[in-house]
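Open the model in your viewer and keep the selection panel at hand. We will go stop by stop.

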Amino acid sequence: MGWKAAQKIIKHWKILRGDNVMIIRGKDKGETGIIKRVIRSQNRVIVEGKNLVKKHIKQGQGHEGGIFSIESPLHVSNVQVLDPATGKPCKIGYKYLEDGSKVRVSRGLAASGTVIPRPEILKERRKPRPNIVGPKDTPIDLVLEKTYDAKTGIGMPDL
């Protein structure tokens with residue numbers, strides 16, 4: 001179960017982290033779950049609590065070994081997003097609203113055509129931005145200092 005690159009990488013992903021999906025193929029067929037992680041380099045997704053496999057982990061420094069159940073990645077073609085209105089799996093299309101915003105809509109045979117909202121988890125950053133000043137950060141007073149005036153030409157280098 002090593003790393004394997006996808007043959008043809010999907011460029012425009014319609015399934016996002018935090019989407020409510022149904023597994024349509026495999027041993028967990030028909031079950032629903034939330035996408036925990038998207039692995040774009042392999043065209044795979046990890047669904048919370050689904051596609052569990054047993055993994056043997058050897059004991060080492062700082063952790064104990066044993067047999068653990070972990071979530072294995074599923075190919076993106078084996079999951080479909082659930083329609084928020086009907087609760088059935090559907091395809092995803094894009095549509096522009098009157099105000100000009102681009103939204104995802106459900107489409108397909110059992111789809112209602114309703115807007116599929118972006119997951120709330122995407123508004124949070126996975127790695128928070130650092131808010132402490134480090135040794136390589138420029139102080140704010142030097143950043144805000146005015147060093148060039150366009151009208152008078154003060155601050156122009158002599159060329």
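**Stop 1: Ile46**

Select Ile46: with a relative accessible area of 11%, Ile46 is buried. Here buried means under 20% relative accessible area, exposed means over 50%, and partly exposed lies in between (1.4 Å probe, protein chains only). Ile46 sits in strand E3. Helices (H or I, at least four residues) and strands (E, at least two) are DSSP runs, numbered from the N terminus.

A word on the model: it is predicted, local features need pLDDT of at least 70, side-chain atom pairs count only at pLDDT 80 or more, and totals for chains, interfaces and linings use all residues. Residues are numbered from 1 along each chain as its sequence is written, and side-chain values use heavy atoms, with hydrogens and water left out.

Now show what surrounds Ile46. Not counting residues up to four places away in sequence, Ile46 touches Ile34, Ile35, Lys36, Arg37, Ile39, Glu71 and Pro73. Contact means heavy atoms within 4.5 Å. Then draw a C-alpha to C-alpha distance from Ile46 to Gly155: 55 Å in space, for 109 residues in sequence.

**Stop 2: the sheet**

Colour the strands. Eight of them form an open sheet, in the order E6-E3-E2-E1-E7-E8-E9-E10, with antiparallel pairing. Which strands stand at the edges? They are E6 (74–75) and E10 (115–116); each has a single partner strand, so one side of each is left without a neighbour in the sheet. Two strands count as paired if DSSP finds at least two bridges between them. Strands of a sheet pair through backbone hydrogen bonds, either parallel or antiparallel.

Zoom in on Val21. Its bridge partner in E2 is Gly33, and its bridge partner in E7 is Val81. E1 and E2 run antiparallel, joined by three bridges. Three bridges also join E1 to E7, again antiparallel.

Step across to E8. Val81 stands opposite Cys90 there. E7 and E8 pair in the antiparallel sense over two bridges.

**Stop 3**

Select Trp13, in the segment before E1. Trp13 is buried, with a relative accessible area of 9%. Beyond its neighbours within four places in sequence, Trp13 is in contact with Val38, Ile39, Arg40, Asn43, Arg44, Val45, Val76 and Tyr94. Check Arg40 by C-alpha distance: Trp13 and Arg40 are 27 residues apart along the chain and separated by 8.5 Å.

Next, Arg17. Arg17 also lies in the segment before strand E1 (20–23). Buried or exposed? Arg17 counts as buried, at 15% relative accessibility. Leaving aside neighbours within four places in sequence, its contacts are Ile35, Lys36, Val38, Pro119, Ile121, Leu122, Glu124 and Arg126.

Over residues 14–41 the chain is 0% helix and 43% strand, and the end C-alpha atoms are 15 Å apart.

**Stop 3: two asparagines**

Go to Asn43, in the loop between strand E2 (32–39) and strand E3 (44–47). Asn43 has a positive phi of about 60°, although it is not a glycine. Most residues other than glycine have a negative phi. Asn43 is buried, at a relative accessible area of 4%.

Asn51 is next, in the loop between E3 and strand E4 (52–57). Asn51 has a positive phi of about 55° and is not a glycine. At 13% relative accessibility, Asn51 counts as buried.

**Stop 4: the second largest pocket**

What volume does the second largest pocket have? About 270 Å³. Of its 13 lining residues, the closest to its centre are Lys14, Ile15, Val76, Lys91 and Ile92. A pocket is an open set of points on a 1 Å grid over the protein atoms alone, where a 1.4 Å probe fits, with protein on both sides within 12 Å along at least five of seven lines; lining residues have an atom within 4 Å of a point. Grid points are joined across faces, edges and corners, and the volume is the space filled by probe spheres set on the points.

Select strand E7 (79–82) and strand E8 (89–96): each supplies at least two residues of the lining.

**Last stop: Leu142**

Finish at Leu142, in helix H1 (residues 140–143). At 49% relative accessibility, Leu142 counts as partly exposed.
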